[in-house]
Each structure stands twice: as structure tokens, then as C-alpha cells.
Amino acid sequence: MGISMTIGGRLLDRKGPYPVIMIGVITITVVTFILAFSINTTSVALLITLLVIHGIANGFINTPVTTAGLNALPAEHVSAGSVFNNVARQMMKVISVVLLSILYESRRNSHLVTTSDELQSGLVAIQEVYIIVAICLAISIPIVFYLRKDWQ
């Protein structure tokens, strides 16, 4: 992800934020859907490859979004915007982990009612959580497309 953030930053300088962010969002969405539908059937090598691609896509999103957001602010508000961006990002990470953990436990427990196989219940719950995340990411694609005119 660190390497892709550097590459994403360089592409940002050449092409602007929109194409870099769109590539990242589409890639991360596709990889998340692939992960969702291959939870129980994928090899470790494929899983590692998908997670590396996921990290690269994440790097293509983080730097351009932060740069575009801070560039939109007047110079006197950039330091406050940077602080707000970092706090908001950290808070969203924490909130997301908590909400997805609650969702996972809820879904796993509901599957345990119909089957006593804990492993299978956990796998199905993980798949459902990945599908929900992938749908949220897919919803973000038209939002990024809509925002393109603000980034050009």
C-alpha cells in the first residue's frame, strides 16, 4: 500500500485525482466481490494476491482523496483540514471495525441456529459481510464519477 500511495501520488500529479481514485475504487470493489464469493474455495496464494491488489487499490484512493480534499481548502484552513481528515479517517476505521464485527457475530449466530457447524456458519457470515462491504464500495463508484467535475 505504501508503494502504491507513492505511485498514486505521482499519477495524481500527472493526471489529476479523478482517474487515480476511480481506478482504485473500481479495483477495490472488484477484488472485494471476488473475495466475497471465494471465501471457502480460494488457495492461500490467490488470497494473498487478492489482498495485495486490494492494498494497492487502497493506496490509489488514500493519497489522491486526501490531496484533492486539502487542495480544495483555502490556504489558512489546510492545517485544520489535515487534522480533521486524519481524525475522521481514524474514527471511520474504528467505527467500521466495530460495525462489521457486530454484523459478523449477528450473522454467524443466526446461521448457528440452522446448523451446528461453527466453521461453516463463520464462513457464511464472513461472506455476507464481504458482500455488504462490496455493495457499499460499488455504491461509491457513481459518487466518484459525480465528483469528477469538482476535481478537474
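The model is a predicted one, so local features need pLDDT of at least 70 and side-chain atom pairs count only at pLDDT 80 or more, while totals for chains, interfaces and linings use all residues. Residues are numbered from 1 along each chain as its sequence is written, and side-chain values use heavy atoms, with hydrogens and water left out.

Let's start inside. A nonpolar core is a set of buried Ala, Val, Leu, Ile, Met, Phe, Trp, Tyr and Cys residues joined through side-chain atoms within 4.5 Å. Here "buried" means under 20% relative accessible area, "exposed" means over 50%, and "partly exposed" is in between (1.4 Å probe, protein chains only). The largest such core has eight residues, namely Tyr18, Ile21, Met22, Val25, Ile28, Ala57, Ile61 and Val144. Helices (H or I, at least four residues) and strands (E, at least two) are DSSP runs, numbered from the N terminus.

Helix 3 is also where Asn62 is found. Asn62 counts as buried because its relative accessibility is 15%. Leaving aside residues up to four places away in sequence, Asn62 touches Met1, Met5 and Arg89, where contact means heavy atoms within 4.5 Å.

Next come the charged pairs. A salt bridge is a side-chain nitrogen of Lys or Arg within 4 Å of a carboxyl oxygen of Asp or Glu, and the count by this rule is two. One of them joins Glu105 to Arg108, with the closest N and O atoms 3.0 Å apart. Both partners sit in helix 4 (residues 78-114), three residues apart, or about one turn of the helix. Glu105 is partly exposed at 34%, whereas Arg108, at 17%, counts as buried. Another salt bridge pairs Glu128 with Arg107, and its closest N and O atoms are 2.6 Å apart. This pair links distant parts of the chain, with Glu128 in helix 5 (residues 118-147) and Arg107 in helix 4, 21 residues apart. Arg107 is partly exposed, at 30% relative accessibility.

Finally, the surface. Val83, Val87, Met91, Met92, Val94, Ile95, Val98, Leu99 and Ile102 make a nonpolar patch of about 830 Å². Patches are made of residues with over 30% relative accessible area and no salt bridge, with like charges joined within 9 Å and nonpolar side chains (Val, Leu, Ile, Met, Phe, Trp, Tyr) within 5 Å. Val98 lies in helix 4 and counts as partly exposed at 44%.

How values were computed
Areas by Shrake-Rupley, 256 points an atom, 1.4 Å probe, with all protein chains shown as cover.
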